[in-house]
Amino acid sequence: MKETLGTTGLILNEPLLWEKGKKGRSGFSLPRRDVESAPIDESLVGEGPDFPDLSEVDVVRHYTRLSTWNFGVDTGMYPLGSCTMKYNPKTNERQARLPGLAGSHPLLPQSLSQGVLRLMFELQEYLAEITGMDAVTLQPAAGAHGELTGMLVMHAYHQSKGHQPSKIIVPDTAHGTNPSSAALCGYRPVPVKSNEQGILSTESIAEIMDEDTAGIMVTNPNTLGLFEENIRAIAEIVHGKGGLVYCDGANMNAVMGVVQMGKIGIDVMHLNLHKTFSTPHGGGGPGSGPVAVKDHLEPFLPVPRVVEEKGAYRLSYAFPKSIGKVQAFHGNVGVMIKAYSYILSLGPEDLKKTSQLAVLNANYIKKKLKDTLYLAYDRPCMHECVFSDKNQKAHKVMTLDMAKRLMDYGYHPPTVYFPLVVDGAIMIEPTETECKEDLDLFIEAFKAIAKEAEENGELLTQAPTKPKLRRLDETTAARKPCLVG
Amino acid sequence: MRYLPHTSEDVASMLKVVGKESLDDLFSSIPEDCRVSDRLSLPEPLTEWELNEKLSTLSNAMAVSPDSKVFLGAGSYEHFIPESVSYLLGRSEFVTSYTPYQPELSQGTLQAIYEFQTLTARLLGMEVATASHYDGATALAEALLMAIRVSRKKKVAVSSLIHPYYRRVAQTYLHPAGYEIVELPHLENGRTDLASIAGMNDLAAVAVQSPNFFGCVEDLQAVGNAAHETGGLFICAFTEPLAYGLLKNPGSQEADIVCGEGQSLGIPQSFGGPALGLFSGRMKFVRNMPGRLVGQTTDLEGRRGFVLTLATREQHIRRERATSNICTNNSLCALSAAMYMSSLGGTGLQELARLNYDKSEYLKSALRKAGCTLPFDVPTFNEFVAVFPGGFDTTYQRLLERGIVAGLPLATFYPELKNHYLLCVTETKSKADLDALVREVTS
C-alpha cells in the first residue's frame with residue numbers, strides 16, 4: 001500500500017491530574033503579601049478544595065501530552081460537514097490577546113472603552129452588509145444561543161401583534177438545535193419533509209402554514225448542501241399568514257458575496273463566527289452566534305446595543321421592546337475580535353472567493369467520489385456533499401467503520417449519520433482552505449478504504465488502530481456514568 | 001490571499017473536473033433574484049502588518065492595568081494568569097479541534113474536560129459538574145429551568161442580590177414559557193431577606209448568590225433550610241469562585257444546584273466574554289441536567305478513556321424534548337480553568353483566596369478610618385460596598401480621566417443606593433494602589 005498520512009509516533013501516557021503531584025508543590029507565583037492577615041469569622045471558613053498540588057513542569061507536561069492525543073485543523077484535514085472546519089489564522093489570535101482588549105473590564109465607563117466599542121460597532125455593520133440584513137446583535141454566545149435569541153425575537157414580535165401562535169415549521173433536514181431552541185419559546189415544531197430533490201417544495205409549506213404557525217426555521221443552504229431554490233416563494237406563503245422566516249446561517253460559508261439573505265425573504269438569521277468567519281472551535285467553544293434581522297424586528301433585539309453618536313460609541317439599554325439580556329455582558333468579544341480581523345484581512349473580493357472555493361472544493365470531492373460512495377442527491381452542491389454507505393453495506397461495512405478507518409489514514413472523519421434524512425449519511429465539507437493536492441490525497445484515501453471494504457472488511461470494523469486508543473465503550477459510559485474522579 | 005491555497009491552474013483544472021466554465025457557474029442553481037447585485041461594500045483588505053497597527057490602536061484606546069487602576073468586580077475579576085496557562089492554551093491541537101464527537105481523536109480534550117468536571121465539583125462541593133456553559137448568567141437561567149423540570153412547579157424565588165444582569169437573563173429565558181419569578185428583597189445587613197418565602201409551597205427553587213452582588217457572604221445553611229421547607233430546590237449562584245478557596249463551599253451547605261461564573265479561574269476579562277459557565281448538581285438530578293458531560297470508560301483493549309456521555313438528554317438526539325438547546329460548551333475556557341486550578345493546587349488556591357480577602361479587608365479598614373461608611377456589616381470576600389460623601393460623582397469623573405475607576409456606582413442598579421459604590425480588590429492591587437485610592441476618594 002502507498003504510504004498514507006496516518007502513521008504512529010511515540011505517544012506518551014499521562015495519568016489523571018490527581019494521580020500525580022505532592023502536597024507542598026506549586027505551579028503559581030504567589031503575589032507578594034504586602035498587607036497583614038485580617039481577622040475572619042472562622043465559622044465561614046472551609047477546608048479548601050481537594051486539588052492536587054503540582055509544579056509548573058508537572059502542569060506543562062500534563063497538558064502538552066494531552067494535546068498530542070487530539071486532532072485539530074492544524075494537524076490535518078477535518079472535513080466535518082456543517083461545521084466549517086477551516087483554517088484558523090494565527091494573526092487573529094494575536095489581536096484577541098492584545099492587552100487593552102483581553103484585559104478590559106466589561107463595565108468600564110464608555111470613555112475608557114472606545115476601542116472595543118468601535119470594533120463591535122464596525123463588526124455589526126460588516127455582518128449586516130455580508131448578510132444584506134438591516135441590524136445585528138453580537139450578543140449570542142454560540143450558534144444554538146443565536147437560534148434561541150432569534151426565536152425569542154420572533155416570539156416578542158408576535159406578542160407585539162397581539163397574537164401568539166403555538167407552532168413552528170421545522171424541515172426534516174434541520175439541525176437538532178432548531179426544534180429545541182423553538183421549544184424553549186413554547187413553540188411546537190411541525191416537521192416538513194424535503195422533496196425528492198432534497199429541498200423544500202412550495203406546496204408542502206402552503207399545505208401546513210396557517211395563522212397558528214409562528215413561521216419557519218430554514219437552513220439555507222440546507223444540511224444536504226443544497227440551496228433552497230424555492231425560498232422566496234416559501235417566504236411569501238409564510239408572510240402571507242403572518243409568519244416570519246428564520247434562517248439558520250450555519251452554512252453561510254457557501255454564499256458570502258453571492259446570496260443576499262435580506263433579499264430572499266429572511267426576517268431573522270444567525271451566523272456562526274466560529275464557522276464562516278474562521279474563529280477556532282476550541283474543542284467545543286467558545287463560539288459566537290450574532291443575529292441579524294430586518295428593520296421590523298430591530299426593536300426586539302437583545303440589549304445592550306452598541307450605538308454610535310458623532311463618532312463616539314456607547315452601549316445603550318434604551319430599547320423598551322427588547323427581549324432583554326441573553327448573556328451577562330456583551331457577548332464573546334474575544335471571538336468577535338478574531339472574526340473582525342478575518343473580515344479585514346480578506347476584504348470584499350476574497351470573502352466572495354472564499355465561498356466560491358469552498359463550493360468548488362465540495363463539488364470536486366463529490367465528482368471524484370460519486371463512483372465510490374453512494375451519492376444521496378446527485379445535484380450541484382454548495383459547500384458540502386452528502387454520501388451514504390449504501391454501496392458498502394453489501395460487504396457488512398457501515399458509515400461508522402469507514403469513518404473510523406479514515407483516522408488510520410490521517411484524517412478526521414466527516415460528519416456521520418447526519419442529516420437524518422439520509423440513511424447512513426457521510427457529510428463532507430472540505431472548506432476552501434484545503435488545496436487540490438490535499439483533496440486528492442483525501443479522495444485517494446477514501447477510495448482505498450472502499451476497496452478495503454470489499455476485500456477485507458475487518459480492517460474497517462476493527463478500525464481505528466493507529467490513534468492512542470481504539471473504539472471506546474460508549475454504552476457502559478452511559479449506563480454506569482462515571483463523571484468525576 | 002494566504003488562506004486561499006488555490007492557484008489559477010488549480011481552479012481551472014478543478015472546474016474542468018466538475019464540468020463548469022467559471023467559479024460563478026458553480027452557483028447556477030441559485031435563482032437570479034436571490035443573488036447579491038453589487039460587490040460587498042466592505043473595507044479593502046489589510047496586510048498582516050496593517051492589521052496589527054489597526055488593532056493595536058483600538059487596544060490602546062482602552063483603560064487596563066497597569067496604566068489604569070480599575071477597582072471593578074461585579075461579575076468580572078482581574079486576576080493574574082500564569083504565562084504557563086496562556087502558553088499551554090495556545091496548543092493548536094486544543095484550539096483548532098471540534099467538539100469531541102470522535103473520541104479516538106479527541107482524548108486530549110476529553111480527559112481535560114473530565115478533570116475540569118472533577119475539579120469544579122470539588123471546588124463547589126458537589127457530586128457532578130458539566131463540561132461548562134456560556135457564562136454564569138445563562139448557567140443560572142438553565143438551573144432555574146432545570147428546577148422547574150424536576151419539580152413540575154412554575155414559580156421560582158430569586159434574591160434581589162443576585163447580579164442584576166443575571167436576573168435579566170433569567171427573565172429572558174423564563175418569560176416566554178410563562179414561568180414566574182418572585183424577587184426576594186434584601187435586609188439592611190446586606191443579605192437576602194427570606195421572610196416572604198415562609199409558607200410558600202409552589203416554588204420550584206430558591207436562588208441566592210454568595211458572595212452576593214454587594215460582596216456579602218450569605219448564610220447558605222439558613223437559605224438551604226428555608227428553601228427545602230418550601231419543597232423547592234436550593235440553587236446557589238456565584239460570580240467569584242475564588243471565594244470558595246477560603247469559604248465553606250455551597251455543597252456542604254445543602255445546595256442542590258451550584259452554578260455561576262468561572263472567569264476568575266485563569267480566563268482574561270475580554271470585555272466580558274468569552275466567559276465560563278460552571279454548573280454542578282447532585283448526582284440524582286444528572287439526567288435532568290443541561291449541557292455536555294464527559295464520562296470515563298474503556299476502549300476495546302480495556303484501556304482507560306473518555307467519551308461524551310448521557311447524550312440522550314441532548315438536542316441532537318432528543319430534539320424538542322432535550323433538557324436544553326445548548327450544543328457546544330465553552331470548552332477552551334474550561335480548559336483554561338482546569339490549567340489554572342491545577343497550577344494553583346489546593347494550597348495555592350487557598351493562599352490566593354486569603355490574600356484577596358486580606359487586601360479587601362485592608363481597604364475596608366483604611367476607608368473606614370478615612371471617614372467613609374461601609375453600610376453592610378456581614379463578612380465579604382474581595383468586594384464590598386462603600387458610601388462616599390455627597391458630590392462624590394464629580395470626583396469619580398475626575399478620577400476616570402486619570403484612569404482610576406473607583407468602583408461601580410450602585411444607583412444604576414438600585415436607585416435607592418445613592419452614593420453607594422461597589423469596590424473590588426484582588427491580588428493585582430498593591431498596598432500602595434489601595435493607599436492611593438483612599439487618598440483620592442477622600443481628598
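Predicted model: local features only at pLDDT ≥ 70, side-chain atom pairs only at ≥ 80, totals over all residues.
Reader: What makes H2(A) oblique to H9(A)?

Author: The axes of helix H2 (residues 90–97) and helix H9 (residues 333–369) of chain A cross at roughly 135 degrees and come within 8 Å. That angle makes H2(A) oblique to H9(A), because only angles over 145 degrees count as roughly antiparallel and those from 65 to 115 as roughly perpendicular. The crossing of H2(A) past H9(A) is right-handed.

Reader: Which residues of H2(A) and H9(A) meet?

Author: On H2(A) they are A:Thr91, A:Asn92, A:Gln95 and A:Ala96, and on H9(A) they are A:Gly334, A:Ile337, A:Lys338, A:Ser341 and A:Tyr342. By class, this contact of H2(A) with H9(A) holds 3 nonpolar, 5 polar and 1 charged residues.

Reader: Why are H10(B) and H12(B) called roughly parallel?

Author: The axes of H10(B) and helix H12 (residues 431–442) of chain B cross at roughly 25 degrees and come within 10 Å. Angles under 35 degrees count as roughly parallel, and H10(B) and H12(B) are therefore roughly parallel to each other. H10(B) passes H12(B) in a crossing that is right-handed.

Reader: What residues make the contact of H10(B) with H12(B)?

Author: H10(B) contributes B:Lys359, B:Tyr362, B:Leu363, B:Ala366 and B:Leu367, while H12(B) contributes B:Lys431, B:Leu434, B:Asp435 and B:Val438. The contact of H10(B) with H12(B) divides into 6 nonpolar, no polar and 3 charged residues.

Reader: How do you know that the buried residues of H8(A) line one face of the helix?

Author: In helix H8 (residues 231–240) of chain A, the residues A:Ile231, A:Ile234, A:Ala235, A:Ile237 and A:Val238 are buried. Viewed down the axis of H8(A), the buried residues fall within an arc of 160 degrees, so they line one face of the helix. These residues pack against helix H7 (202–208), strand S4 (213–219) and strand S5 (244–248) of chain A. Just after H8(A), A:Gly242 has a positive phi of about 85 degrees.

Reader: Which residues are buried in helix H8 of chain B, and what makes a residue buried?

Author: A residue is buried if 20 or more other C-beta atoms lie within 10 Å of its own. In H8(B), residues 220–230, those that are buried are B:Leu220, B:Val223, B:Gly224, B:Ala226, B:Ala227 and B:Thr230. The buried residues of H8(B) pack against strand S5 (203–209) and strand S6 (233–238) of chain B. Just after H8(B), B:Gly231 takes a positive phi of about 90 degrees.

Reader: How many of the residues in chain B are buried, as a percentage?

Author: Of the 443 residues in chain B, 59% are buried. Chain B has 12 helices and 14 strands, and its C-alpha atoms fill a box of roughly 80 × 50 × 50 Å along the principal axes. Among contacts in chain B with a separation of 6 or more, 73% join residues 24 or more positions apart.

Terms used: Residues numbered from 1 in each chain as written. Chains lettered and ligands numbered in written order. Buried ≥ 20, exposed ≤ 12 C-beta atoms within 10 Å, placed from the backbone. Helix = DSSP H or I, 4+ residues; strand = E, 2+ residues; numbered from the N terminus. Arc of directions from axis to C-beta. Contact = placed C-beta atoms within 7 Å. Axes fitted to C-alpha atoms, helices over the stretch in contact; angles between N-to-C directions. Left-handed = near helix turned anticlockwise from the far one by under 90°. Nonpolar A, V, L, I, M, F, W, Y, C, P; charged D, E, K, R; others polar.
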